Amino acid sequence: MDTIKHNYTSMPEPMKCSGSMDIRELRFARAMEFAIQEINNRSDILPNITLGYEIHDSCAAVPVALKLAFQFANGQTPNISMSNSCPKKADVVAVVGESGSTPSIGMSRILGLFGIPMVSHFATCACLSDKTQHPTFFRTIPSDHYQAAALARLVKHFGWTWIGAVRSDSDYGNNGMASFLRAAKTEGICVEYSVAYYRTNPRSKLERVAEVIRSSTARVIVAFVAPGDMRFLLKELSRRTPPHLQWIGAEGWVTDPHMFKFGLCAGAIGFGIERSVIPGLQDFLLDLSPAQASKSALLTEFWEDAFGCTLNAAKAGQVLGVEPCSGNEKLGAILSLYTDTSYLRITNMVYKAAYAIAHAIHGLVCRYRSESLSQCNRSIVLESDQVLEQLKKVNFTINGNHVSFDTNGDPVATYELVNWQITEDGVMELVTVGRYDASQPTGHEFSISRNITWMGGQAQVPVSVCSESCPPGTRKAVQKGKPVCCYDCIPCGEGEISNETDSVDCVSCLDENWPNAQRDECLPKPVEFLSWDEVLGIVLAVFSIAGACIAVAVATVFYRHRMSPIVRANNSELSFLLLFSLMLCFLCSLTFIGRPSEWSCMLRHTAFGITFVLCISCVLGKTLVVLMAFRATLPGSNVMKWFGPLQQRMTVVSFTIVQVLICILWLVLSPPFPVINMSHYKERIIIECDLGSVGAFWAVLGYIGLLAVLCFILAFLARKLPDNFNEAKFITFSMLIFCAVWITFIPAYVSSPGKFTVAVEIFAILASSFGLIICIFAPKCFIIVFRPEQNTKKHVMGKGQLKAL
């Protein structure tokens, strides 16, 4: 529209259109003319009734559209008409249009006041579905509400979580983008930027928008832009090296053939209205003669622009270089959007809109007498509000396309997924690669049927993310001050896993499970106990058996030389009992190896306590024998009479019975039992023996320690005996080792975890047992085996101190 400055001193001039004609819009108008002509020639719809029509040019301007809306409402004579078939003008009962959402909003609000229905073929703004503001608005094209949801689902389908957004600064662009952003947020998509412009904005604003697009990191851009605005943007981006972007287009521009000349959008995808075939339309469009064109100002302008001539012979001489039209011009000989019926998308929406109004009128003036015959009242006077109510009920199929309206005046939303592909000849073409049907169940609306060519002609889906996906075993942590799609991948914490990509949280494993090294799976915790098949268990078992074998070997040596002086001088009966108890000490350590059970837990501690007391009792008896023997050599001493073999046996039995009673009380009152310990180590389970009664355990150890200390003191007192008789010295050393081992055992036992607690206990048993057998029996065995010459009564008795023995 021409911009006119009003001086407010005279009547304003009428609004006029400027610039070139939109040939595509002209085809829309001619399609409505064709549909009405077809309806008027049919016998099943409004038979013997002729529909009239008016066609107006809104100049793609809101003021002109509003003027026309008032003109429809108050019955002013139209200023532009393509047909003179309506010599007598009737009141307008319905309107087809407008193409743009913003003009449609203005027209709908005015026409709604007068109850005049308006059926749009191209106004997609979701705001027009609001019946409180637009009660008489209908459309044959789906609302942008569905297109926005489809675009968000499309972006999500290809894994794009970091995108840019550009829109027309109009009702169409702003409302459409708002719907898309809401749907994108629901799908977990982040928008790096969202910019808007309008074709009438200053050049500087368009440059700023282009610079935002060039400098962004998002490789995918969603454009909710009207075709006219899109041309301005693409021209601006083409001034410099265009950015390498994957364009996602709204229906408004992605199916517009005018856009195909912009190669930087090659590979663009978007949703378009389904293609249709309108039989006879192309012939109708081509059946236009110069004489017919000259009757309409719009068709005259089109004809003159298409052929570069003028239909006004008088004008030919006035304009330099313009020749008069010869009359032989043929529309079929030129390439024009007017004659291109290969992409009948919006054109079919116009066709359906005209038929919808015709069916509504038919429902008011005609009554069916049979399936093929109806009777119509030609004299009825129609009111627009009657047509409005009937439009809500229309339900028919034309050329295989179903037409009906929901409560918001919207049709069922179905789209084709289209892709800009370059053919082998280098020509851009629009290829249908999928479909979206909003009437399908959730999750099944979207389908792809063909391969897609992406930006730059590549076959691989482009990547557009702010942060790479977090693998299993990690969780997403949003970066401060950035959208949720920008995040760091944080490894799951101790005892936690995530088994999905892009997990928001890690989940804890059950108490009996623990994560694997990748922290993407919970595995059963390894069970830990001192087993027979591990190195530590094998080594300790070997030493235990070796110690028992040594005890048996020593006993064998002593038995074979039981009549020798050195064996007889060392109290052979106590020696054999001591060797037997040492063998049991070595063997009882084996009960500590293996999986703890109820019986093994009770056996290991009680066997250990009783055998060790038996061992220490024997050593104590030998020590007492040494002391008594030394006293017996004194004049007038009869000590040995009171400490003979019977008393020695009773001493050993008495000391041992005390430990047996302690162990019986322990087993009866609070016996040891196996437990599963999951608190000491988080990553593994320890199976161990619970002491049951800690006091009983330390009572057993305390009693052993008491006997050991008593034995050590007595042996220490006997260390001054003659050198040839060194039994007391060896006992002193053995008890010193025994006490040192068990004193060291206490802190080691308390601090050692898991199976090492058992290993420490076994080590203490073996170390003290080996100390006893080495210190007490090794020297004697050495003399018996390797120094037999010293195994004599003279050598053993020395100066006769031990004759009493």
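**Helix packing and aromatic pairs in a predicted model**

Helix H15 passes helix H23 in a left-handed crossing.

**Helices H15 and H23**

- H15, which spans residues 535-560, packs against H23, residues 755-786, at an angle of about 25°, and their axes are 10 Å apart.
- Because angles under 35 degrees count as roughly parallel, H15 and H23 are described as roughly parallel to each other.
- On the H15 side the contact is made by Leu536, Leu540, Phe543, Ser544, Gly547, Ile550, Ala551, Val554, Val557 and Phe558, while H23 contributes Phe756, Ala759, Ile762, Leu766, Phe770, Ile773, Phe777, Lys780, Cys781, Ile784 and Val785.
- Sorted by class, the residues in the contact of H15 with H23 comprise 18 nonpolar, 2 polar and 1 charged.

**Helices H1 and H13**

- The axes of H1 (residues 23-40) and H13 (residues 346-365) come within 9 Å and cross at roughly 35°, and H1 passes H13 in a right-handed crossing.
- From H1, the contact involves Arg24, Arg27, Phe28, Ala31, Met32, Phe34, Ala35, Glu38 and Ile39, and from H13 it involves Ile346, Thr347, Val350, Tyr351, Ala354, Tyr355 and Ala358.
- In terms of residue class, the contact of H1 with H13 has 12 nonpolar, 1 polar and 3 charged residues.
- Phe34 of H1 and both Tyr351 and Tyr355 of H13 belong to this contact, and ring pairs link Phe34, Tyr351 and Tyr355, together with Phe284, into a cluster.

**Aromatic pairs**

- The structure holds 24 aromatic pairs, one of which is formed by phenylalanine 271 and tyrosine 415 and is tilted, with 5.9 Å from centre to centre and 55° between the planes.
- This pair links distant parts of the chain, since phenylalanine 271 lies in strand S8 (residues 269-273) and tyrosine 415 in strand S15 (residues 414-422), 144 residues apart.
- Both phenylalanine 271 and tyrosine 415 are buried.

**Alanine 291**

- Alanine 291 is found in helix H10, which covers residues 290-293, and this alanine is partly exposed, with a relative accessible area of 49%.
- Although alanine 291 and glycine 327 are 36 residues apart in sequence, their C-alpha atoms are 8.3 Å apart in space.

Terms used:
Residues are numbered from 1 along each chain as its sequence is written. This is a predicted model: local features need pLDDT of at least 70, side-chain atom pairs count only at pLDDT 80 or more; totals for chains, interfaces and linings use all residues. Side-chain values use heavy atoms; hydrogens and water are left out. Axes are lines fitted to C-alpha atoms, for helices over the stretch in contact, and angles run from 0 to 180 degrees between N-to-C directions. Helices (H or I, at least four residues) and strands (E, at least two) are DSSP runs, numbered from the N terminus. Angles under 35 degrees count as roughly parallel, over 145 as roughly antiparallel, 65 to 115 as roughly perpendicular and the rest as oblique. A crossing is left-handed if the near helix is turned anticlockwise from the far one by less than a right angle, and right-handed if clockwise. Contact means heavy atoms within 4.5 Å. Ala, Val, Leu, Ile, Met, Phe, Trp, Tyr, Cys and Pro count as nonpolar, Asp, Glu, Lys and Arg as charged, and the others, Gly among them, as polar. Rings of Phe, Tyr and Trp (its six-membered ring) pair if their centres lie within 6.5 Å; planes under 30 degrees apart count as stacked, over 60 as edge-to-face and the rest as tilted. Buried means under 20% relative accessible area, exposed over 50%, partly exposed in between (1.4 Å probe, protein chains only).
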